[in-house]
Amino acid sequence: MPDSLLNTPLPLVAAPMAGGTTTPALARAAAAAGAFPFLPGGYRSAAQLHHDITGLGDDVSDFGVNLFVPGPPVADRAAFAAYAAALEHDARRFGVALDPEPRADDDAWTQKVELLLTHPVPVVSLTFGLPQGDEIAALQAVGTRVLGTVTGVDEARAAQRAGVDGLVVQGPSAGGHSATFDPARTLAHVDTEVLVERIRAAVDLPVIAGGGVDGPAAVRRILDAGATAVSVGTMLLRTDEAGTSPVHRRALVDPAFTATALTRVFTGRPARALRNRFVDEYAAVEVTAYPAVHHLTRRLRLAAAAAGDPDMVHLWAGTGWRHAPQGPAAAVLSWLAGDAPAPGAPPA
């Protein structure tokens with residue numbers, strides 16, 4: 001990727017983990033360590049996003065902002081209502097009320113784009129699809145490089161046709177939401193480095209890639225496959241600067257959790273999380289309806305987190321979660337770059 005986009009000493013990107021995990025403090029620490037930081041725009045108002053950008057300070061000049069591209073409204077209202085009814089028992093157990101009416105939400109898309117046109121940032125990445133209007137060209141016109149997040153060759157070709165400057169290739173082993181354009185799609189397993197090779201053979205765009213990163217060897221494999229930089233998320237979950245919740249931090253080192261799963265039970269869109277009771281109990285009735293399911297389950301998940309119950313919380317994690325170290329983000333990034341040992345012993 002052009003030096004003007006990722007003009008950083010390390011070929012690493014601190015991923016934009018939404019929901020409070022990627023904080024301005026984590027982004028600043030990543031930048032200070034020589035990585036390229038992203039701020040999450042998802043679930044933030046335009047005012048909150050502006051505050052986060054300002055909070056980076058004058059010493060962080062190269063950074064990106066990630067936006068969630070809005071999708072269609074809920075198509076199967078009956079399935080959504082059935083899912084809401086299935087959750088009632090646990091909702092009563094935690095003393096929360098569920099709204100069976102699906103909530104429409106474009107994540108303040110228009111206001112955030114207007115903010116980034118008025119106050120341009122170096123890079124904007126798009127997740128969950130491509131915008132229908134001329135926002136890509138408008139962002140580029142104010143000097144912003146636009147990246148499309150893709151999970152396959154067809155999506156990469158669509159992003160190239162839309163005029164993006166580069167791609168963020170997300171392998172299915174990545175933690176948190178899949179960026180797939182089609183949330184009903186079944187995601188087949190493929191190693192991230194193989195996916196990078198396929199996409200680079202199909203489109204002529206520079207690539208950042210992530211998914212399945214569990215140490216410096218994985219970083220090297222992805223770079224060797226042709227990525228210019230590697231996006232890191234799960235490996236930063238336990239860092240000092242991350243906003244990871246206490247219940248989530250404890251679960252990442254709890255031997256009771258033995259696997260991750262791709263699930264729609266929390267938000268209505270496929271996302272990889274530690275497999276807990278919520279995942280197992282509601283897998284049979286999950287519904288593809290993002291962000292309506294996110295809003296439906298949000299109060300339940302917040303109540304469970306407040307109660308310290310990891311079995312009813314979205315515990316986003318990639319497949320390499322067992323290797324996520326605790327300590328300063330700078331030490332973790334230096335380890336991933338192959339420049340230093342892991343900070344402390346990896347969790348058992």
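Exposed means over 50% relative accessible area, buried under 20%, and partly exposed in between. These legends describe close-ups of a predicted model.

**Close-up 1. Arg 92 and Glu 88 form a salt bridge.** The N to O distance is 4.0 Å. Both residues sit in helix H4 (residues 88-93). They are four residues apart, so about one helical turn separates them. Arg 92 has a relative accessible area of 57%, which means that Arg 92 is exposed. Glu 88, at 27%, is partly exposed.

**Close-up 2. Arg 157 pairs with Asp 154 in a salt bridge.** Their closest N and O atoms lie 4.0 Å apart. Helix H7 (residues 153-162) holds both residues. The spacing is three residues, about one turn of the helix. Arg 157 is partly exposed at 38% relative accessibility. Asp 154 reaches 60% and counts as exposed.

**Close-up 3. A salt bridge joins Glu 286 to Arg 264.** The side chains meet at 3.6 Å, N to O. This pair links distant parts of the chain, 22 residues apart. Glu 286 lies in the loop between helix H11 (277-282) and helix H12 (292-306). Arg 264 lies in the loop between strand S10 (260-263) and strand S11 (271-274). Glu 286 is partly exposed, with 27% relative accessibility. Arg 264 has 14% relative accessibility and is therefore buried, the cut-off being under 20%.

**Close-up 4. Salt bridges link Asp 90, Arg 93, Arg 277 and Glu 281 in a network.** For context, the structure holds 13 salt bridges.

Terms used:
Residues numbered from 1 in each chain as written. Predicted model: local features only at pLDDT ≥ 70, side-chain atom pairs only at ≥ 80, totals over all residues. Heavy atoms only, no water. Helix = DSSP H or I, 4+ residues; strand = E, 2+ residues; numbered from the N terminus. Buried < 20%, exposed > 50% of the residue type's maximum accessible area, 1.4 Å probe, protein only.
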